[in-house]
Amino acid sequence: MLKRKLDKAGLIALSFLFIAATPNTRIKSSQITRNDHVARHAAHAFDSNGLCVCLPELSEEKMLTAPRIELNRQASVFTKSYLKENGFFLEKVKTKSDRIFTIIDTIFTRYELPLELKYLAVIESKLNPVAQSKVGATGLWQFMASSGRTFGLKVSGSVDERKNSYKSTVAAAKCLVYLNNIFDDWLLTLAAYNSGPGKVLSAIKKSGSRNFWVLQSYLPLETRNHVKRFISTHYFFEGHGSLVTMTKAETKAHINAVADFVSKQEELLKTDSSVVETESAPLL
């Protein structure tokens, strides 16, 4: 089960890095841990001004030296091209996104999923609850009839809950939790959402790797581009990446870099504080 609570995850929020916390939660830097499960537990992560909460004494200059979530170089060219070609369309979607995103945020919070996964609905249906593809995929999350039923939706001649924004989002949440329990990696989870877990497992076996950027050539072109479209759309809406735009290995490396940075800055702050106290001590 995915977790969002930092007291269990032990992940700190930092400026230009990420926040993994419920709203209005203040985090102490002593909560950092190098737990291998951190990437799985840190559900909601994004660049923000969290550093001023965790290390308020740190100067703006030093904040700028903090590790950042970088766009994978293999996705960079695709993202630039995609945003150039689709920026106008994405702006139009953004203007009508508030109501749908509110529904998704509420449900994804309940299922302890990263809220940034809501951008999957943008590339699936353009946030159109009644969208229908040529092959019969329907609704906000583009479920086929069989997969919709698998995750609890009623699909019959008279009822099609795939077109119900709330119920279909609950089904999507269940599906994403199910897939991530298999892959424990958000990029692989997104790939499996598009092509099914079987093709992703096959790509892992053929490539000998669980790294999306390594195994992607063994996936269908549509699936490869599906993941990259998600990353591009995420960058459009957020302006940066998060845990759901990185592989598990990238996430672990980033979290370790954050831990090293915080540890180093805390030591510097303690040293500076000791110097100030010594200089201000009264002479006997």
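**Exercise 1: Asn128**

Solution. The model is predicted: local features need pLDDT of at least 70, side-chain atom pairs count only at pLDDT 80 or more, and totals for chains, interfaces and linings use all residues. Residues are numbered from 1 along each chain as its sequence is written, and side-chain values use heavy atoms, without hydrogens and water. Next, Asn128 touches Gly139 and Leu140 (heavy atoms within 4.5 Å), leaving aside residues up to four places away in sequence.

**Exercise 2: helix α13**

What span should helix α13 (residues 221-238) have, and what do its end C-alpha atoms give?

Solution. Helices are DSSP runs of H or I with at least four residues, numbered from the N terminus. The expected span is 1.5 Å times one less than the number of residues. For the 18 residues of α13 this gives 26 Å, and the end C-alpha atoms are 26 Å apart, which agrees. Of these 18 residues, 14 are buried, so α13 is largely enclosed by the rest of the structure.

**Exercise 3: a salt bridge**

Which residue forms a salt bridge with Asp184?

Solution. A salt bridge needs a side-chain nitrogen of Lys or Arg within 4 Å of a carboxyl oxygen of Asp or Glu. Lys248 is the partner, with the closest N and O atoms 2.8 Å apart. Asp184 lies in the loop between α9 and α10 and Lys248 in helix α14, so the pair ties together parts 64 residues apart in sequence.

How values were computed
Helix = DSSP H or I, 4+ residues; strand = E, 2+ residues; numbered from the N terminus. Buried < 20%, exposed > 50% of the residue type's maximum accessible area, 1.4 Å probe, protein only.
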